[in-house]
Amino acid sequence: MSKLFSKENRAVFSAPLNLDNPIAVQVLGICSALAVTSQMQPAIVMGLSVAVITAFSNLIISLIRKTIPNRIRIIVQLVVVAALVTIVSMVLKAFAYDVSVQLSVYVGLIITNCILMGRLEAFAMMNGPWESFLDGLGNGLGYALVLVVVGTVRELLGNGSLLGFQVIPQSFYDMGYMNNGMMTMPAMALILLGCVIWVHRAYNEKKEKK
Amino acid sequence: MATKKFRCKVCGYIHEGDAAPEKCPQCQAPASEFEEITEGGAEKPAKKGLNTDGNTYTIIYSCIVVVIVAFLLAFVSKVLEPQSMANVRIDKKSQILAALNLRDVEKKDVEKTYAEVIVADEVIDKDGNVVKDGKSKDQDGFAVEDKNISDECLPLYVCQVNGETKYVIPVTGKGLWDAIWGYVALNADKNTVYGVYFTHKGETAGLGALITEYEKFQKQFEGKKLLSADGSAIALSVVKKGKTVVGLDEANRCDALTGATLTTNGVHNMLQECLSRYMTFLTTNE
């Protein structure tokens, strides 16, 4: 058991959450991050879906990595990812229909999410199943984290609510406060994402200098 | 292969690196027990008699992968089908209820409310004859998919809201980017619009997508007349605010959405096209 959670393995899992975050540092998977973050709920579901898919596709590819013919390895990776994405989208349709309608094509587009292919090529093809699983989970959650941060800000400022609950009281609106409609537009997501990356880098730079 | 390989003579552990490790991680044997493996020796255990680069292997491998994945997907799809079909059904029912101005019905109550309100889901043809009477609930008009709607197969929902008879007619058409569809509820006079519901697959967010909103778009349809004054044609129109159209009565006129001309044109055409198929039904009074 101690081997399963050794220092290296913990690092594999935690690095993508912060120092090696797929969105903030590697700048992968931006397109879906812009599209689904107008509210918190789809952002959370999208982030979790990506985490599940990266984790399990990493695991599967890592298990069969020695048998994959080198010339068709990308195709094999894609088939595995596509199968998982289809399963996730069917599960969402069955158990979270409203969210799946809201996410619409973006669940299907997880297949082309750069995070997935990047992790499969760069990590799962060369590492054992457990490390790969942790790496996939870490990257997926790192992605989810940024999505949720952006989604929170956008929903709070754009709709005055969090997870659909009104948090800004009516008295604020009576005093002349207005929801910022800009926040619900994809362009604001890009700007917010830029701010997230900025804060993240500034913070880590400070820490490094110490 | 830049790195060399070393095998532990005691337990057979293989280490990769530039030099033998100080201690074998498996049996703790010292570095002296390691021997370097030359390229010729290393190939034997690695290949295991399989040439993973060969054409035959590649083809067989891809076939096996495809078959496994296909079975897996078919299995999952079959297992989840009842659940997702139920969701699609509930979604459709809540859209029909929305046209009858029964909006914001809780998801779990949709089936119940629907069963109370909808009396029959008939299928009629363009001459107004009832093809299927829809008494068996959800089997006839409700089961008709949008793409199967034709002159011989026109779904019609007969409803009872607060003791009054209403008719709901499904409409489908093309928006700017993708499909749009909706439901039009009529009063018992088959002329006055009781309520409408429109939704879309992929119209522009914030512009064309506003056709789904009640306050901004759908509300204005209430009380409008479907037919022209002489009752000869479908006159219900969606036109730009301020634009004068010759012969268009105020009672037939709804305002288009600003900045979403093409989507609202789509709504206009959809209404004209789909409702005109029901002409005979609309103009005959029982």
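Predicted model: local features only at pLDDT ≥ 70, side-chain atom pairs only at ≥ 80, totals over all residues.

Trainee: OK, chain A to start. How many helices and strands does chain A have?

Mentor: Chain A has 10 helices and two strands. Reading from the N terminus, the elements go α-α-α-α-α-α-α-α-β-β-α-α.

Trainee: And how much of chain A counts as buried?

Mentor: Of its 210 residues, 41% count as buried. As for contacts in chain A with a separation of 6 or more, 78% are between residues 24 or more positions apart.

Trainee: Tell me about H8(A). How far does it reach from its first C-alpha to its last?

Mentor: H8(A) has 31 residues and reaches 43 Å, close to the 45 Å expected at 1.5 Å a residue.

Trainee: Why would you call H8(A) largely enclosed by the rest of the structure?

Mentor: Because 23 of its 31 residues are buried.

Trainee: What about H10(A), how many residues is that?

Mentor: Helix H10 of chain A covers residues 186–209, which is 24 residues. Its end-to-end C-alpha reach is 35 Å, close to the expected 34 Å.

Trainee: Which residues of H10(A) are buried, and what do they pack against?

Mentor: The buried ones are A:Met188, A:Ala189, A:Leu192 and A:Leu193. They pack against helix H2 (30–35) and helix H8 (129–159) of chain A.

Trainee: Switching to chain B. What's the count of helices and strands in chain B?

Mentor: Chain B has five helices and 11 strands. Buried residues make up 29% of its 286 residues. For contacts in chain B with a separation of 6 or more, residues 24 or more positions apart account for 47%.

Trainee: What order do the strands take in the six-strand open sheet of chain B?

Mentor: The order is S5-S4-S6-S7-S8-S9, with antiparallel pairing. Strands S5 (130–132) and S9 (193–200) of chain B are at the edges with a single partner strand each, so one side of each has no neighbour in the sheet. On average, neighbouring strands of this sheet are turned by 30° against each other, direction ignored.

Trainee: Which helices pack on that sheet?

Mentor: Helix H2 (residues 55–99) of chain B is one of them, touching S6 (154–161), S7, S8 and S9 of chain B. The direction of H2(B) makes about 140° with that of S9(B). Helix H4 (residues 261–276) of chain B also packs on the sheet, touching S7, S8 and S9 of chain B, and its direction makes about 120° with that of S7(B).

Trainee: How many bridges are there between S7(B) and S8(B)?

Mentor: Eight, with strand S7 (residues 164–174) of chain B and S8(B) antiparallel. As an example, B:Thr172 has B:Trp181 in S8(B) as its bridge partner.

Trainee: Now the largest nonpolar core. Which residues touch the most other members?

Mentor: Those are B:Ala99, B:Leu100, B:Val168 and B:Val184, in a core of 52 residues. Strand S8 (residues 179–186) of chain B gives the most to this core, with six residues. Apart from that one lies another core, of 51 residues, including A:Val36, A:Ile61, A:Ile115 and A:Leu141.

Trainee: What does B:Ala99 touch?

Mentor: Leaving out residues up to four places away in sequence, B:Ala99 touches B:Val168, B:Tyr183, B:Val184, B:Ala185, B:Gly195, B:Val196 and B:Tyr197.

Trainee: Then there's the hairpin. How many residues sit between S1(B) and S2(B)?

Mentor: Five, and B:Gly12 in the turn has a positive phi of about 85°. Four bridges join strand S1 (residues 4–8) to strand S2 (residues 14–17) of chain B, running antiparallel. B:Arg7 is opposite B:Ile14 in S2(B), and B:Lys4 has B:Gly17 as its bridge partner.

Trainee: Last topic, the contact of the chains. How many residues does each chain give?

Mentor: Chain A gives 17 residues and chain B gives 18. On the chain A side, helix H4 (residues 73–95) gives the most, with 10 residues. By class, that side of chain A has 12 nonpolar, three polar and two charged residues.

Technical notes: Residues numbered from 1 in each chain as written. Chains lettered and ligands numbered in written order. Expected span 1.5 Å × (residues − 1). Buried ≥ 20, exposed ≤ 12 C-beta atoms within 10 Å, placed from the backbone. Contact = placed C-beta atoms within 7 Å. Nonpolar A, V, L, I, M, F, W, Y, C, P; charged D, E, K, R; others polar. Core = buried A, V, L, I, M, F, W, Y, C linked by C-beta atoms within 7 Å. Pairing = 2+ DSSP bridges. Axes fitted to C-alpha atoms, helices over the stretch in contact; angles between N-to-C directions.
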